[in-house]
Amino acid sequence: MLALKILEAGYNVLLTGPAGSGKTYILNTFIERARQAGKHVAVTATTGLAATHLSGSTIHAWSGIGIHDSLPSRYHESLSQARRDTITKADILVIDEISMLHDFRLDLVEQITRSVRGVDAPFGGLQVVLCGDFFQLPPINRSGSRSGSFVVKAMSWPTINPVICYLDEQHRQDDQTFLKILQALRAGEINQDNIDALSARFGVQLADNQQVTELYTTNIDVDQINCRELTRLPGDVRTYQMTTKGKAQYVDNLKRSCLAPLELALKIGALVMCIKNDPEHKYVNGSLGIVTRFEDDTDYPIVKLRSGRTLVITPDTWELRDGETKRASLTQLPLRLAWAITVHKSQGMTLDAARIDLRNAFTPGMGYVALSRVRRLDTLSLVGLNRMALLVSDEAREIDTWLRAKSAEAALNYANLPELTDLLEKKTKSPAAGAWADKLATMRETYPNAYRPWGSVDDNALKVQFMGGVGLKKLTAYFGRHPGSIRARLKKHFGEEIVIPR
């Protein structure tokens, strides 16, 4: 948890590491704890899709830079008062999927925040938290637009001077052969053994002849594929309409960014994918399943997941937040038809199984993104791959070497930071966090160990009791911690899809 301690100590940070290393988990934990401590956190991402995973907005919209490649003189004065207030109010700026942000656009965000906030400090004095993996999709340079590189080349990068927190503990892949292939891809050291192992997955029929999602590198109209497969199924169609709240412009932005369809059509036998992490950890973004029937009273679909669990899927809500302000929300079943999806839209997902077509990979890193969605080789079937699918950016590889070295330095330099509890208690002493101090005291009347660090003795006891069949209610009482804390700890030890008895 050193990364979390560095974040909570107020340092600018780059949180990086391979797919499945826990970046999003650390980021979400930090955001939640910072808000509980009274901080105003602006949560943004480089794409609308990534932003919806965090209930945030794009960095382009939040900062007001839009699609600009450069800013006219005194551009900040043309921003609305609401936009300036949002930027001024923030204490922390989070930017996720940082690999896709051009260096010059990070500079534009720095110019805007410094000017609007009227503070002659990098980003106007904001704590800046960047998150992402440079081996994943890079900045896209389009004809007729200004070209750029990764954000580490930005003029503002030295002024941020972020502490590098490189996470390399793997939480997704548990297949050592597959993990070595992914590591070889990142290192640019693919050998014949790796290629042979991938080639052996060509055209493989996956276990039990189960249907799986097909990933495509180009948009060959995956909606048509899904519609065609649904039509082939017998039986009646059940449809579910999206409902929305908020001003039209914000609702439209949220619709474009979200994987949830305006109208979801389902039949018994449909292959579906969960498109959001369930707060009770019943499923994760990317969990696959088959619709087995529909609930009598509600007509909600009952889905049997590949994990073997059968669930009633109920509506969920996505939000578009601008700083602390909710601009729009939409409600829909957190499902989509899953016979086909693009690699781009699969980012952030953990797929139970996939059939991947990499014959048309067109940019370095695309093959790595696609392959790293699944956990094991035996859950992967390849249609084919081209040479580009086995390449990653040379520049990303150079950056990665440098980041690893900087992270090792940071681990030594910041090893003696106070424990998280000490940092939290310092925050509660400030006037702005007085409400949190009261809330924490009230919480500890019920959960005496709330927000206290886990010691090794308690940690081991938790694992032993859980493996012995002790349910959530008894674990909560025994450890004096909130159920959410127990779930998070068990998820850390046993994986995202852990089933916790009540």
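Of the 502 residues of the protein, 54% count as buried, and this figure, like the others in this report, comes from a predicted model.

The fold is built from 19 helices and 20 strands. Its overall dimensions can be judged from the radius of gyration, because a compact globule of 502 residues would have a value near 23 Å, and the protein, at 23 Å, agrees with this. When contacts between residues at least 6 apart in sequence are considered, 73% of them join residues that are at least 24 apart.

The table gathers some values for the whole protein.

| Property | Value |
|---|---|
| Box filled by the C-alpha atoms, along the principal axes | roughly 65 × 60 × 50 Å |
| Positive side chains | 62 |
| Negative side chains | 55 |
| Distance between the centres of the two charged sets | 3 Å |

T46 sits in the loop that runs between strand β2 (41–45) and helix α3 (48–53). Is T46 buried or exposed? T46 is buried, because its relative accessible area is 9%, which falls under the 20% cut-off for that class. Leaving aside residues up to four places away in sequence, T46 touches I59, H60, I95, D96, E97, I98, M100 and L101. With one of these residues, E97, there is also a polar contact, in which the side chain of T46 reaches the backbone oxygen of E97 at 2.8 Å.

Methods. Residues are numbered from 1 along each chain as its sequence is written. This is a predicted model: local features need pLDDT of at least 70, side-chain atom pairs count only at pLDDT 80 or more; totals for chains, interfaces and linings use all residues. Side-chain values use heavy atoms; hydrogens and water are left out. Helices (H or I, at least four residues) and strands (E, at least two) are DSSP runs, numbered from the N terminus. The radius of gyration is taken over C-alpha atoms; the globule rule is 2.2 Å times the number of residues to the power 0.38. Buried means under 20% relative accessible area, exposed over 50%, partly exposed in between (1.4 Å probe, protein chains only). Contact means heavy atoms within 4.5 Å. Lys and Arg count as positive and Asp and Glu as negative; His and the chain ends are not counted. The place of a charge is taken as NZ of Lys, CZ of Arg, CG of Asp or CD of Glu. A polar contact is a pair of N or O atoms within 3.5 Å; within protein, one must be able to donate a hydrogen and the other to accept it, and residues adjacent in sequence count only if both atoms are side-chain atoms.
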